[in-house]
Amino acid sequence: MAYRIGVIGGDGIGPEVIAEGLKVFAAAGVAIETIDYDLGGSRYLRDGVVLPDEVVEEWSGLDALFLGAVGTPEVPPGVIERGLLLKMRFDLDLYVNLRPFLHPPSGIDFMVVRENTEGAYAGEGGFLRRGTPNEIATQGSVNTRMGVERVIRYAFELARSRNNHLTLVHKTNVLTFSGDLWERAFKEVATEYSDVETAYNHVDAACIYFVDSPNRYDVIVTDNLFGDILTDLGGAVSGGIGMASSANLNPDRTGPSMFEPVHGSAPDIAGKGLANPTAAILSGAMMLDFLGEEAVADKIRRACSDPGVQGGTTAETGDAIAERVRG
Ligand code: IPM
Ligand code: MN
């Protein structure tokens, strides 16, 4: 039986890197049936469609979603980000955004578990008197006990499957309401995992440690916005953003999970063959892991970590990785 995968190439370099991902799956002999969805900024500019509810419903019959990148400079900020990407994460309840970082030369081997459905991303807030001298804008952070606890529990389980160490990253010294909830939930769940050693870092200090002493980390759990920022830094210190993969997981498997590189659509380099497809290919490996195809996923990861595959055009890098997983 072939896996049924919804494919959203998206904008900019998205379709280019996704094509290489599909090339590598084919070379690895994974049976996949793809269903293409023309969504993103270009589609929106054409006919105003962002992400209809019917499409989200249709996705419930899929095994996973594989996404390149969405967003174009011609569309005002937020339309595609909130209307497409965040709608996917929220509507499909993809509450774990899992972002692994592996870079042996720097001693980096950790995973960030980013809360993916709440926090500052929830969209709470609004304007008063917009455009006047007395205008007010508020943007709150929504933290539910249920939402915080479930992502923390996922992170403890993950730490248990790795090196039994979990760090909470927050800013409890300033965000005394949300920070307090996170800290209490973390400590309470920790009592169920006495085999997992725990630590706490403020997010600003964590930025220093990412650069200075990243080998202190095994698994990190953090909120949506801190996780967004920290994982770009994680990419930058572990081989570059062209290597950074991610999984948006619905761990309860009540619907499909979504797999996408951490990077954006990079319109400045689109169509030039300059994009590194490795992040997308590694995101595909995370998809295969989640589908239970760990052996193939490992093979793809090994191929991606061979320094010999890097340095070429988008297609050359894809070809080199495909060559190594074939057979
Ligand atoms: C990411 C991206 C998104 C985010 C944007 C495109 C909405 O930066 O996946 O990290 O902020 O989550
Ligand atoms: Mn980001």
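**View 1. Aromatic pairs in the predicted model, with Tyr37 and Trp59 as the example.** A search of the whole structure, which is a predicted model, finds nine aromatic pairs, and one of them is formed by Tyr37 and Trp59. A pair of aromatic rings is described by the distance of the centres and the angle of the planes. For Tyr37 and Trp59 the ring centres are 5.6 Å apart and the planes stand at 90°, so this pair counts as edge-to-face, a label given to angles over 60 degrees. The two residues are 22 residues apart and link distant parts of the chain, with Tyr37 in the loop between strand S2 (32-36) and helix H2 (41-47), and Trp59 in helix H3 (residues 53-59).

**View 2. The residues around ligand 1.** Ligand 1 sits in the second largest pocket, where the residues around it are Glu81, Leu85, Arg89, Arg99, Arg114, Tyr121 and Asp228. Helix H4 (residues 79-91) gives the most to this shell, namely three residues. By type, the shell is made up of five charged residues and two nonpolar ones, with no polar residues.

**View 3. Polar side-chain atoms beside the oxygen atoms of ligand 1.** A polar side-chain atom of Arg89 lies 2.7 Å from an oxygen atom of ligand 1, while for Arg99 the corresponding distance is 2.9 Å. The side chain of Asp228 also has an N or O atom that is 2.9 Å from an oxygen atom of the ligand. Taken alone, ligand 1 exposes 320 Å², and the protein buries 77% of that area.

Conventions. Residues numbered from 1 in each chain as written. Chains lettered and ligands numbered in written order. Predicted model: local features only at pLDDT ≥ 70, side-chain atom pairs only at ≥ 80, totals over all residues. Heavy atoms only, no water. Near = heavy atom within 4 Å. Polar contact = N/O pair within 3.5 Å; in protein donor to acceptor, adjacent residues only side chain to side chain. Areas by Shrake-Rupley, 256 points an atom, 1.4 Å probe, with all protein chains shown as cover. 1 Å grid on protein atoms, 1.4 Å probe; cavity = no way out; pocket = protein on both sides within 12 Å on 5 of 7 lines; lining within 4 Å. Sits in = over half its atoms within 2 Å of the grid points. Helix = DSSP H or I, 4+ residues; strand = E, 2+ residues; numbered from the N terminus. Nonpolar A, V, L, I, M, F, W, Y, C, P; charged D, E, K, R; others polar. Phe/Tyr/Trp six-rings, centres within 6.5 Å; stacked < 30°, edge-to-face > 60°.
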